[in-house]
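This report describes selected features of the structure shown below. It turns to the nonpolar cores and then to the helices.

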Amino acid sequence: MSHSQRSTGLTAFVVTVLAVVLVAGSLIIGRTSAGADPQPTTRSAEAGFARDMQVHHDQAVEMSMIVRDLTESPDIRLLAYDIATSQSQQAGQMFGWLATWGLPQASPEPPMTWMHRPIPQGDSHAAHNLPAAVGEVPAVMPGMATRAQLDELRTLSGIAAERMFLELMIAHHEGGVDMADAVLERSDYPVVTDLAGSITKAQQSEIQLMEELLAART
Amino acid sequence: MSESADRKTTKQQRAEARAEKVRAHQQQEAARKRNRRIATVSGAVGGAAVLALVVTFVVTSAEPQQRPQDIEIAGLKEFPNLPATHIDPSPVDYQKSYGMEVPAGGDHSQIWLNCGVYNQPQQNENAVHALEHGAVWVTYDPQAATEADVEALRAAIPDQYTILSPYPGQPAPFMASAWGAQIQMDTVSDDRLTQFIDRYWKSPNAPEPGASCSGALQGPGLVA
């Protein structure tokens with residue numbers, strides 16, 4: 001009797017070990033066979049960034065084209081030319097990502113939802129001050145000018161137009177940097193992190209330039 | 001060897017044989033039980049392993065994904081191989097030239113219509129240029145649509161790269177048009193509107209998707 005109890009215990013132990021090994025093995029196989037660098041899905045941070053940053057960039061292009069018609073200042077006209085052409089090119093890159101990933105350009109959920117999903121764990125930036133719940137998505141993208149502000153800009157000219165453009169674009173760039181930071185915290189996808197990294201650098205240095213241009217106009 | 005051990009009685013022999021049988025039966029029974037247990041446990045483990053495989057594969061690889069161009073839309077009308085010449089200032093007869101009751105591409109004005117929500121009808125030739133840039137034009141029959149319908153349409157479509165406007169006399173209460181594609185809808189809650197947006201909004205199907213949908217003509221009655 002005691003012999004058979006011992007063998008039952010042994011069987012149970014062996015079976016448990018086997019079960020653990022098999023399940024863990026299957027998890028690993030499942031994970032690796034899904035691809036080390038899977039294509040972003042439609043609700044991923046990468047796809048959300050690609051869609052929302054296109055919208056954000058489109059407005060920067062629009063504002064730049066507006067101010068070029070309102071001022072003769074070579075500094076402002078060149079800055080606007082630079083922003084319009086570089087951000088159009090970047091928006092085109094993001095358009096191309098979505099096409100390559102086989103995803104719709106249209107979002108299945110409200111804009112900015114991806115920015116308000118929790119940052120993946122084990123990330124050193126986890127302390128970043130973003131709301132964790134998806135329910136807190138704001139109605140407006142960071143730094144976006146309102147239609148009323150754009151309409152007001154169109155009524156101005158000369159230094160008044162330049163000042164309003166600089167103020168709007170500084171806020172717009174700050175919002176853009178926040179969005180790029182948000183995807184850098186959530187993604188390791190190289191083509192995405194490369195562009196997001198260059199956006200944060202370029203826009204931060206342009207913010208500095210615009211602050212100087214603005215100071216020269218007070 | 002003692003005599004008593006040597007020469008067992010028949011009774012003793014039978015008893016021993018019976019005991020032997022019982023032992024053999026018990027062993028068989030135990031083996032059967034063990035086999036059954038092993039089968040059950042390994043079956044469960046195997047099942048768990050398969051489940052784990054499926055779960056990780058689904059979680060890590062994807063939500064079910066469909067390429068936009070593969071989305072099937074019931075009642076979709078397509079207009080392939082449309083020309084895209086700027087024809088200012090002569091008007092285009094979209095009905096006669098392409099069989100379109102509401103324009104869905106073709107020759108158009110050099111000046112595109114700015115995207116937005118309008119409460120007045122817009123010029124076909126300008127709106128079609130916006131379609132060339134990847135916009136979706138959602139139109140409603142002002143005689144059929146309520147204010148709530150218009151609000152619902154507004155909520156159902158993206159803010160950018162869309163035009164929403166009344167189109168008196170159109171053949172259905174609600175319609176969505178993109179470059180070379182169109183659907184008709186009886187209600188604003190028609191699921192095909194989302195399918196149409198997913199497939200055609202800023203679609204590579206348009207000649208110049210992502211080209212600007214602002215900075216040109218602001219039509220009459222812009223609301224937002």
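## Surroundings of B:Val136

In this predicted model, B:Val136 is in contact with B:Ile157, B:Tyr161, B:Thr162, B:Ala176, B:Ala178, B:Ile197, B:Tyr200 and B:Trp201, leaving aside residues up to four places away in sequence.

## Nonpolar cores

B:Val136 belongs to the largest nonpolar core, which has 42 residues. Together with B:Ala130, B:Leu131 and B:Ala135, B:Val136 is among the residues with the most contacts inside this core. At least two residues of the core come from each of the following elements of chain B: helices H4 (124–132), H5 (147–156) and H6 (192–200), and strands E3 (136–140), E4 (162–166), E5 (174–178) and E6 (181–185).

Another core, of 22 residues, lies apart from this one and includes A:Ala47, A:Trp114, A:Ala182 and A:Ile199.

## Helix H3 of chain A

Helix H3 of chain A spans residues 74–100, 27 residues in total. The distance from its first C-alpha to its last is 39 Å, close to the 39 Å expected at 1.5 Å a residue. A:Gly102, with a positive phi near 70 degrees, follows H3(A).

The buried residues of H3(A) are A:Ile76, A:Leu79, A:Ala80, A:Ile83, A:Ala84, A:Gln87, A:Ala91, A:Met94, A:Trp97 and A:Leu98. Their cover includes three helices of chain A: H2 (45–68), H5 (158–186) and H6 (190–215).

## Packing of H5(A) and H6(A)

The axes of H5(A) and H6(A) come within 9 Å and cross at roughly 155 degrees. Because this angle is over 145 degrees, H5(A) is roughly antiparallel to H6(A). The crossing of H5(A) and H6(A) is left-handed.

Notes:
Residues are numbered from 1 along each chain as its sequence is written. Chains are lettered from A and ligands numbered from 1 in the order in which they are written. This is a predicted model: local features need pLDDT of at least 70, side-chain atom pairs count only at pLDDT 80 or more; totals for chains, interfaces and linings use all residues. Helices (H or I, at least four residues) and strands (E, at least two) are DSSP runs, numbered from the N terminus. The expected span of a helix is 1.5 Å times one less than its number of residues. A residue is buried if 20 or more other C-beta atoms lie within 10 Å of its own, exposed if 12 or fewer, and partly exposed in between; C-beta atoms are placed from the backbone. Two residues are in contact if their C-beta atoms, placed from the backbone, lie within 7 Å. A nonpolar core is a set of buried Ala, Val, Leu, Ile, Met, Phe, Trp, Tyr and Cys residues joined through C-beta atoms within 7 Å. Axes are lines fitted to C-alpha atoms, for helices over the stretch in contact, and angles run from 0 to 180 degrees between N-to-C directions. Angles under 35 degrees count as roughly parallel, over 145 as roughly antiparallel, 65 to 115 as roughly perpendicular and the rest as oblique. A crossing is left-handed if the near helix is turned anticlockwise from the far one by less than a right angle, and right-handed if clockwise.
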